[in-house]
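Please examine the sequence and the three-dimensional view shown below. The briefing that follows treats the chain as a whole and then turns to selected parts of it.

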Amino acid sequence: SADPLLQCCIIFITIRSNIISGVSFHLWRRINHYFCVKASAIFNFQSLLTVILLLICTCAYIRSLAPSLLDRNKTGLLGIFWKCARIGERKSPYVAVCCIVMAFSILFIQ
């Protein structure tokens with residue numbers, strides 16, 4: 001009973017290796033194993049929080065440099081970036097504290 005994500009990766013490797021010609025199965029399996037292991041970090045709660053904090057900080061910084069870039073997409077899928085920028089602007093003390101706590105946690109606890 002392996003991890004479902006690992007089973008999905010194995011199935012993906014098998015299907016993909018049959019489709020792509022000229023690439024050895026062993027090499028393709030190693031490449032996909034690397035990416036599958038790295039992609040599974042998003043399912044870790046602390047990694048998810050880190051990604052969300054980085055997204056908020058990045059969007060707020062981009063909006064400070066070029067406000068029109070994010071302001072034209074306030075709705076839809078790209079509206080997520082505008083919302084993250086607003087959170088970063090309005091809740092900046094809380095976001096800063098969260099970034100400091102996350103940095104401390106990554107550096108000294110992990």
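**Briefing on the chain**

The chain exposes about 8,400 Å², and carbon and sulfur atoms supply 70% of that area. The model is predicted. Its chain contains six helices and zero strands, and its elements therefore read α-α-α-α-α-α when followed from the N terminus.

**Overall composition**

- Of the 110 residues in the chain, 19% count as buried.
- Considering contacts between residues at least 6 apart in sequence, 48% join residues that are at least 24 apart.

**Helix α3**

- Helix α3 covers residues 45-65, a run of 21 residues.
- At 1.5 Å a residue, this helix should span 30 Å, and its end C-alpha atoms are 31 Å apart, which agrees with the expectation.
- Which residues of α3 are buried? They are T50, L53, I56, C59, A60 and R63.
- The cover over these buried residues includes α4 (67-71), α5 (79-90) and α6 (92-109).

**Residue T50**

- T50 is located in helix α3 and is one of the buried residues of that helix.
- Leaving aside neighbours within four places in sequence, T50 is in contact with M102 and I106.
- T50 and M102 stand 52 residues apart along the chain, yet their C-alpha atoms are separated by 7.0 Å.

**Residue S105**

- S105 has its place in helix α6.
- Is S105 buried or exposed? S105 counts as buried because its relative accessibility is 14%, and the cut-off for a buried residue is under 20%.
- When residues up to four places away in sequence are not counted, S105 touches Q46 and Q110.

**Surface patch and residue L77**

- A nonpolar patch on the surface is formed by L55, L77, L78, I80 and F81.
- Together, the residues of this patch have about 440 Å² of accessible area.
- One of the patch residues, L77, lies in the loop between α4 and α5.
- L77 is exposed because its relative accessible area is 68%, and a residue counts as exposed when that value is over 50%.

Definitions and conventions
Residues numbered from 1 in each chain as written. Predicted model: local features only at pLDDT ≥ 70, side-chain atom pairs only at ≥ 80, totals over all residues. Heavy atoms only, no water. Helix = DSSP H or I, 4+ residues; strand = E, 2+ residues; numbered from the N terminus. Expected span 1.5 Å × (residues − 1). Buried < 20%, exposed > 50% of the residue type's maximum accessible area, 1.4 Å probe, protein only. Contact = heavy atoms within 4.5 Å. Areas by Shrake-Rupley, 256 points an atom, 1.4 Å probe, with all protein chains shown as cover. Patch = residues over 30% accessible without salt bridge, like charges linked within 9 Å, V, L, I, M, F, W, Y side chains within 5 Å. Salt bridge = Lys/Arg side-chain N within 4 Å of Asp/Glu carboxyl O.
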